[in-house]
Structure formats: C-alpha cells, structure tokens
Amino acid sequence: MKKYDVTIIGGGPAGATAALYLNKQGFSVCIIEKKAFPRETLCGEFLSHEVTAILKDLQLFEDFLKLDPNPVNSFKLYDADGSFIKSDLNFTAYGMKRGKFDCFLLDSARTNGVDVFQPCEVKGISQKGNEHVVVIDDVNGKIEICSKKLIAAYGKQNVLDKRLKREFTRKNSGYNGIKYHFPISLFRNIDTEAVHIIASDGLYCGINVVDEETATVCFMEHRGDFKESARKQLISLIHKNPAMVKLFVQSVEDTINTVPLYGTGNIYFGPKESVREGIFMIGDAAAVIAPVAGDGIGMAMQSAKLISEVFDLQERSGLSDGATEKLYIKRWKQMFKTRLRTALFLQTCLLRGPLRSIGFPLLRAFPQLLSGLIKATRA
C-alpha cells in the first residue's frame with residue numbers, strides 16, 4: 001500500500017498540471033498513466049493564451065519556448081465555396097504536437113517530486129472509510145494506492161466512466177474526431193501563423209502548423225452524414241472543396257492513405273458531472289468543448305489549476321468534503337459553462353449549410369463579430 005494526499009488518474013495536460021500545482025502547495029501527489037509517452041492522441045494541438053498563462057504561472061514558459069513551438073496569431077474561417085474571413089486572435093498562441101507537449105508537462109511534474117506510475121492500468125477503485133483505494137497493475141504486479149483525494153484526468157472517455165455509471169456513457173453522440181500529421185510540403189503557401197477552419201456539410205476541418213516540418217489536420221464529423229471511411233472523406237473534401245483545393249497540392253492521396261490516423265468515436269459534448277462518487281473530474285473527463293474553439297488543452301489546464309485552489313482552500317479553512325465538492329462544482333460552472341455553450345453553438349452552425357449561409361454573410365458584413373465570437377470561447 002502506497003499513501004498520498006492526492007491520486008490523479010491520467011497524465012495528460014490536465015493531470016500533469018494539477019499535480020504540479022498541488023505539489024507546489026505541499027500535497028503529496030501521484031499520477032497513474034495508462035500509456036507510455038510520447039504518445040499521440042486526438043487533438044487540434046493548439047495552445048491558447050490560457051495555456052501560456054498557466055505555463056508562466058508555473059514558471060515553465062521559458063523551458064516551453066526552448067521546444068520551438070510554432071507561433072499562431074490569426075484565424076481563417078473558410079466557407080464551402082473557398083472564400084474565407086480572417087481575424088486576429090489578439091494574443092499569441094502556439095502549435096505543438098501533443099506527444100511532445102505531454103512529455104514536457106509530465107517530465108516537469110516528475111522532476112518536481114510527483115510520483116508517476118507509467119505505464120500501468122487501473123484495475124479497481126474502492127473506498128475505505130474516508131479514503132480512496134486505487135488498485136493498479138504495472139510491471140511489478142498489483143499495487144494499492146491510498147489517498148484522501150482522487151482526481152479523474154483521463155480524457156474524453158474511459159472504461160472507468162462505465163464503472164461509475166456516468167449517464168453520458170449510454171448516449172450515442174454521432175460525433176467522431178480524426179487527426180493526421182502531414183508534412184508541410186503537401187500544402188500550397190500555407191499561412192503558418194494562422195489556424196485554418198474549413199466548413200462543409202456534416203464536418204469541419206482544422207489545420208494548424210505545429211513545427212517546421214509538420215501540420216496537424218484534424219476534423220470533426222457527424223457520422224450519420226457519411227458512409228465512407230475517414231480517409232476517403234478527407235480525400236473527397238480536398239478534391240471537392242475549393243478552400244481545400246487551394247490549400248493542398250494534388251498529390252496528397254498516397255500520404256492520406258498511409259500516415260497514422262488518430263481518432264475518437266462517440267465524442268459527447270453534453271453535460272457531465274464534475275464530481276462523481278467523491279471523484280473530482282478535470283479536463284475532458286468533466287466536459288468536452290467543441291474543438292472549433294481550440295480551447296481543449298486550455299480548459300484542461302485551467303480546471304487543473306481550479307481543483308488545486310479548491311483543495312488548498314479546504315486545507316486552510318477546514319471545509320467538509322461535501323462543501324468542497326459543492327464549491328468545485330459551482331466554480332467549475334462559473335468558469336466553463338458559457339464557453340462550452342458558445343463553442344457548441346458555433347460547431348452546429350459550421351456543420352449545417354443553412355446556418356452557414358446566414359452566418360458567413362453576416363460575418364463578412366460585420367467582421368468584428370468574428371473577433372467577438374473568438375473572445376466568447378476564451379477565459
């Protein structure tokens with residue numbers, strides 16, 4: 001039996017950031033991560049100003065810059081006819097591969113004294129009195145980890161969600177996400193400092209340069225609108241959509257058919273519990289923001305900071321466990337509820353032609369509206 005103040009399941013941006021903050025506050029912390037790093041996962045790989053603000057707060061920003069992230073300062077929204085509207089982000093964001101960024105954060109947590117169990121799998125969760133017991137299976141066999149607090153930072157969906165009987169696991173959203181890494185040579189004069197969003201009926205595609213050689217191509221689809229494979233859909237979109245025709249070179253099919261594909265099915269954008277059976281949810285485990293907002297990693301890290309503040313307040317003021325749960329739920333909603341609704345509304349507009357036919361002329365006539373919408377999806 002190993003004992004900690006806080007156990008965190010998941011070593012991505014949410015889990016690693018929570019561990020860094022809690023460790024600074026004097027909590028003993030461990031992270032349980034199922035996969036070996038570096039590993040890629042579905043993500044637009046856009047690091048917003050919310051991310052850089054937290055990196056600065058943790059005194060990690062200068063080390064982050066040494067990894068040569070790609071700066072991003074504008075946003076281009078393309079309609080199905082190939083026309084686009086451009087807006088400044090009014091902040092400097094960055095593009096970086098998730099595998100690289102996740103390693104950076106987890107290594108920082110490990111260097112600062114956080115115990116990391118990786119790779120290992122959670123085999124069971126139970127409670128003994130007022131403590132959580134997590135049973136893990138790693139190379140050394142089964143280990144029991146006991147802690148006063150348990151945080152779930154395992155992403156959009158996990159087998160633990162079904163064990164906890166979370167309501168959303170019984171729903172079929174119909175939304176799938178797909179990510180590819182393409183060489184820059186496949187693009188024609190791409191603006192490396194812009195995020196490109198291309199809208200089409202039933203799906204939208206985001207393109208974001210992440211280093212000198214690579215761009216992330218990530219698209220969200222409503223699966224009920226399509227029968228062909230994700231690879232064929234992207235090839236079809238590139239050949240038929242004027243915006244994609246302008247962005248890609250013609251000889252792209254072989255690459256699409258051979259590069260690794262990272263995907264997640266049945267992505268649920270509706271409400272989830274931020275606390276379940278005494279387990280505090282952060283990042284995508286608490287809620288998934290529509291990727292058009294480009295704020296998934298930002299929300300993950302902000303919710304990690306929030307949980308550390310709530311736990312610290314409980315320690316200093318003697319809040320009961322029940323009061324602590326209520327406080328976290330309240331503050332989580334204050335921080336994220338409006339952002340989530342705005343992003344989901346924008347996603348719905350992008351996916352449906354009739355709504356786009358109204359929205360694009362409106363944005364062209366009043367370009368300041370686009371800046372306002374971008375701002376509404378930020379902190």
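Trainee: Why is Ser147 called buried?

Mentor: This is a predicted model, so the value is computed from predicted coordinates. Ser147 has a relative accessible area of 0%, and buried means under 20%, so the label holds. Ser147 is found in strand S9, residues 141-152.

Trainee: What makes the pairing of Ser147 with Thr7 a polar contact?

Mentor: Their side chains come to 3.0 Å, and the cut-off is a pair of N or O atoms within 3.5 Å. The side chain of Ser147 also has a polar atom 2.9 Å from the backbone oxygen of Lys149. Leaving out residues up to four places away in sequence, Ser147 touches Tyr4, Asp5, Val6, Thr7, Glu131 and His132.

Trainee: Glu50 is a charged residue. How do you know whether Glu50 is buried or exposed?

Mentor: Check the number: Glu50 is at 3% relative accessibility. The limit for buried is under 20%, so Glu50 counts as buried. Glu50 is found in helix H2, residues 49-57, and its side chain makes a polar contact with the side chain of Ser48 at 2.5 Å.

Trainee: And what makes Leu47 buried?

Mentor: Same test: a relative accessible area of 1% against a cut-off of under 20%. Leu47 is found in strand S3, residues 46-47. Not counting residues up to four places away in sequence, Leu47 touches Phe64, Ala93, Tyr94, Met96, Phe101 and Ile297.

Trainee: How do you know that the span of helix H9 agrees with what its length predicts?

Mentor: H9 runs over residues 296-317, which is 22 residues. At 1.5 Å a residue the helix should span 32 Å, and its end C-alpha atoms are 31 Å apart, so the two agree.

Trainee: Now the second largest pocket. Why is that space called a pocket and not a cavity?

Mentor: A cavity is a set of points where the probe fits but cannot get out, while a pocket is an open set. The second largest pocket holds about 360 Å³ of space. Of the 18 residues lining it, the closest to its centre are Pro271, Lys272, Trp332, Lys337 and Leu340.

Trainee: Which helix gives the most to that lining, and what classes of residue make up the lining?

Mentor: Helix H10, residues 321-351, gives the most, with seven residues. By class, the lining has eleven nonpolar, two polar and five charged residues.

Terms used
Residues are numbered from 1 along each chain as its sequence is written. This is a predicted model: local features need pLDDT of at least 70, side-chain atom pairs count only at pLDDT 80 or more; totals for chains, interfaces and linings use all residues. Side-chain values use heavy atoms; hydrogens and water are left out. On a 1 Å grid over the protein atoms alone, a cavity is a set of points where a 1.4 Å probe fits but cannot get out, and a pocket is an open set with protein on both sides within 12 Å along at least five of seven lines; lining residues have an atom within 4 Å of a point. Grid points are joined across faces, edges and corners, and a volume is the space filled by probe spheres set on the points. Helices (H or I, at least four residues) and strands (E, at least two) are DSSP runs, numbered from the N terminus. The expected span of a helix is 1.5 Å times one less than its number of residues. Buried means under 20% relative accessible area, exposed over 50%, partly exposed in between (1.4 Å probe, protein chains only). A polar contact is a pair of N or O atoms within 3.5 Å; within protein, one must be able to donate a hydrogen and the other to accept it, and residues adjacent in sequence count only if both atoms are side-chain atoms. Contact means heavy atoms within 4.5 Å.
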